[in-house]
Amino acid sequence: MKFPRIYQLQEVASIIDAKYVGDADFPVHGINEIHRVEAGDIVFVDHPKYYDKALESAATIVLINKEVECPQGKALIISDDPFRDFVKIGQYFLPFEKATNHISPTAVIGEGTIIQPGAFIGNHVTIGKNCVIHANVTINDHAIIGDDVIIRSGTVLGADAFYYKKRDTGFDRLKSVGNVIIENKVEIGANCTIDRGVTASTIIGEGTIMDNLIQIGHDTVIGKKCLIASQVGIAGCVNVEDEVSIWGQVGITSGVTIGAKAVLLAQAGVSKSLEGGKSYFGYPAEEARGLYKKMAVTELMVKEFKRK
């Protein structure tokens with residue numbers, strides 16, 4: 001999430017009443033989750049196991065719970081609870097805004113777009129031209145929808161990320177301040193859920209077609225002209241490159257990349273990044289050709305054993 005202007009380090013630190021390491025006027029452009037950070041962003045880290053990953057990331061401001069050596073060209077904000085203060089900064093710049101109408105007066109809807117009865121269009125949503133938004137679709141705040149998009153009944157765009165920190169008293173939610181972007185000529189089936197980014201955007205690429213009952217996690221980026229069948233579940237921060245086909249009931253873990261033109265066969269379980277241009281199935285997902293050979297050999301061995 002980018003701030004409305006470039007802030008100084010001392011200004012941001014004062015929001016959470018924290019001390020800082022670095023020049024008082026060090027520029028701060030926004031905040032971002034570790035998988036999506038870029039120069040000018042704040043990233044948070046609260047466990048020594050991940051200190052190096054945060055300090056060596058593209059982020060130039062690190063919200064951290066220990067005063068460590070600050071890398072050259074970066075700044076630190078010292079907090080006793082970085083998770084809490086990361087949420088506090090996000091909510092300071094983008095607090096929850098209640099709805100007052102089924103279609104917000106701040107929404108921008110393009111020429112030729114049809115909004116069926118019962119749909120909810122949140123605050124500051126942008127919808128392009130010649131779209132069809134069917135009954136009982138929910139499009140939450142700040143979503144951006146391109147031209148010629150079809151979204152079928154019951155789908156929810158922009159719910160909060162499934163991102164929590166366990167406490168002794170329960171779970172604290174990382175309140176999302178990102179959004180959802182649906183590019184041109186996308187079709188989304190009924191009862192799908194596409195979570196907003198924690199701090200950036202969850203993106204569905206141009207020309208992608210989604211079946212019913214699909215879950216897309218926060219900050220995931222789906223490429224162009226992908227096909228995704230029913231009951232697929234994709235976790236957060238996944239990169240699916242262009243023209244990937246994902247068949248029914250595939251599950252994909254967080255933070256992996258699926259290469260362009262890969263095919264994930266039904267019920268595959270993806271636990272690591274997969275090279276493009278190949279077909280995969282099984283759990284953990286393997287290249288289909290090799291797995292078929294293993295299965296054939298296993299069957300021959302079983303038959304031979306039974307003969308004995």
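What volume does the largest pocket have?

Mentor: The model is predicted, so local features need pLDDT of at least 70 and side-chain atom pairs count only at pLDDT 80 or more, while totals for chains, interfaces and linings use all residues. Residues are numbered from 1 along each chain as its sequence is written, and side-chain values use heavy atoms, with hydrogens and water left out.

The largest pocket has a volume of about 570 Å³. A pocket here is an open set of points on a 1 Å grid over the protein atoms alone, where a 1.4 Å probe fits, with protein on both sides within 12 Å along at least five of seven lines; lining residues have an atom within 4 Å of a point. Its volume is the space filled by probe spheres set on the points, which are joined across faces, edges and corners.

Of the 24 lining residues, E33, I34, H35, F44 and Y163 are the closest to the centre of the largest pocket. At least two lining residues come from each of β4 (41–45), α2 (51–55) and β16; β4 gives the largest share, with 3 residues. Helices (H or I, at least four residues) and strands (E, at least two) are DSSP runs, numbered from the N terminus. The lining comprises 12 nonpolar, 7 polar and 5 charged residues. Nonpolar means Ala, Val, Leu, Ile, Met, Phe, Trp, Tyr, Cys and Pro; charged means Asp, Glu, Lys and Arg; the others, Gly among them, are polar.

The second largest pocket has a volume of about 350 Å³. Among its 19 lining residues, F96, E97, D141, D160 and R196 lie nearest its centre.
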